[in-house]
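Biologist: Before I read anything into this model, I would like to go through the labels attached to its residues and hear what each label rests on.

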Amino acid sequence: MMGQTDTRGKKALSLLLALVMMLALVPALEMTALAASAEDYVSVHKNDSFSKDGKYYISYTAENLTFGKSMYTWATLCDAKGKQVASWSKKSYYASDGAATRNLGYDYSTLPDGTYTFKFYVQVGEDMGLYDRWYWSVKYTNKRNESFSIESYEKWNDNGTMRHKWNVQCTNMRGLKLTMKVYDSAGRLVFSITGPARKTNDEVGFCSWTGYRYEGDTRKEKCKSGTYLVQITASGSKKVVEEEYKLNMN
């Protein structure tokens, strides 16, 4: 069994502050050979980014400079290989609406380490032609700085079932899952379990074991008292935590 207990604070924004923003407001054309100049049709301004409710927001204000044509805005987020990992839907604005601001939020703590490109698109008119579509891009480096460690061990009686329980401190691990593996003194894997995704960036999760050897989902014999190696890993992380424990199975 694996779960989570004792949420300790709200430090979700600490990871988001580790984003290194570069190349702010770089205008680009999707079809440079035929596209018209963006400045003749729209005015686009990148506002200060901000964090709120566990998300990091990139903000743009766009103003339609044309007469009688609607303006549309949307955005995408791609990894270093150009694969789209997130998107924001298209919104339309009438010519008479004036300037429009979009605050585009995302929980970047769910993404692996790497360089990402955020593109803010603006289109004038409805036909998706070659002359009326532009984007402004921002590149940044995402660094999770995730950390997890075994905080304590305890043996407890769970309604008549004796369990060995390891409490694991999880930092900057929102969206990641812990996996615990237990090996006996001969190096044989006797138990393995993966828990739910962490809900915050600062919490204590736990892993527990009844002391029985498993083959897949099939419970076998109860293990003998002795020395066991407990290994903790997490999805999306290269870190491995290992500690030995002398466990009394009685």
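Biologist: Why does Asn159 count as exposed?

Modeller: This is a predicted model, and what I quote is computed from it. Asn159 has a relative accessibility of 78%, and since exposed requires a value over 50%, Asn159 counts as exposed. Asn159 is found in the loop between strand 11 (147–158) and strand 12 (161–171), and its phi is near 55°, a positive value in a residue other than glycine.

Biologist: What makes Asn172 buried?

Modeller: The relative accessible area of Asn172 is 9%, and because buried means under 20%, Asn172 is placed in that class. Asn172 lies in the loop between strand 12 and strand 13 (177–183), and phi of Asn172 is near 55°, again a positive value in a residue other than glycine.

Biologist: Why does Asn142 count as buried, and what does its side chain reach?

Modeller: Asn142, whose place is in strand 10 (residues 133–142), has a relative accessibility of 1%, and with the limit for buried set at under 20%, Asn142 counts as buried. Its side chain reaches the backbone oxygen of Tyr108 at 3.3 Å, and a polar atom of that side chain also lies 3.3 Å from the backbone oxygen of Leu111. A polar contact needs a pair of N or O atoms within 3.5 Å, and the distances of 3.3 Å to Tyr108 and 3.3 Å to Leu111 meet that limit.

Biologist: Where is Leu111 placed, and is it buried or exposed?

Modeller: Leu111 is in the loop between strand 8 and strand 9 (114–124), and because its relative accessible area is 6%, against a limit of under 20%, Leu111 is buried. Leu111 and Gly175 are 64 residues apart in sequence, while their C-alpha atoms are 8.9 Å apart in space.

Biologist: Why is the aromatic pair of Trp88 and Tyr106 called edge-to-face?

Modeller: The structure holds 18 aromatic pairs. In the pair of Trp88 and Tyr106 the rings are 6.2 Å apart from centre to centre, with 70° between the planes; a pair requires centres within 6.5 Å and edge-to-face requires planes over 60 degrees apart, so the label follows. This pair links distant parts of the chain, with Trp88 in strand 7 (residues 84–93) and Tyr106 in strand 8 (residues 99–106), 18 residues apart. Trp88 is buried, with a relative accessible area of 13%.

Biologist: How do you know that the aromatic pair of Trp209 and Tyr228 is edge-to-face?

Modeller: For Trp209 and Tyr228 the values are 5.6 Å centre to centre and 65° between the planes, so the centres are within 6.5 Å and the planes over 60 degrees apart. Because Trp209 lies in strand 15 and Tyr228 in strand 18 (residues 226–234), the pair ties together parts that are 19 residues apart in sequence. Both Trp209 and Tyr228 are buried.

Biologist: How do you know that Lys165 lies over the face of Trp156?

Modeller: Lys165 is 5.4 Å from the ring centre of Trp156, and the distance limit is within 6 Å, with a position within 35 degrees of the ring normal also required. Lys239 likewise lies over the face of Phe148, at 5.2 Å from the ring centre.

Biologist: Which residues lie nearest the centre of the largest pocket, and which strand gives the most to its lining?

Modeller: Phe191, Ser192, Ile193, Tyr214 and Gly216 lie nearest the centre, out of 13 lining residues, and strand 14 gives the most to the lining, with 4 residues. By class, the lining has 6 nonpolar, 4 polar and 3 charged residues, and about 180 Å³ of space lies in this pocket.

Conventions:
Residues numbered from 1 in each chain as written. Predicted model: local features only at pLDDT ≥ 70, side-chain atom pairs only at ≥ 80, totals over all residues. Heavy atoms only, no water. 1 Å grid on protein atoms, 1.4 Å probe; cavity = no way out; pocket = protein on both sides within 12 Å on 5 of 7 lines; lining within 4 Å. Points joined across faces, edges and corners; volume = space filled by probe spheres on them. Helix = DSSP H or I, 4+ residues; strand = E, 2+ residues; numbered from the N terminus. Nonpolar A, V, L, I, M, F, W, Y, C, P; charged D, E, K, R; others polar. Phe/Tyr/Trp six-rings, centres within 6.5 Å; stacked < 30°, edge-to-face > 60°. Buried < 20%, exposed > 50% of the residue type's maximum accessible area, 1.4 Å probe, protein only. Polar contact = N/O pair within 3.5 Å; in protein donor to acceptor, adjacent residues only side chain to side chain.
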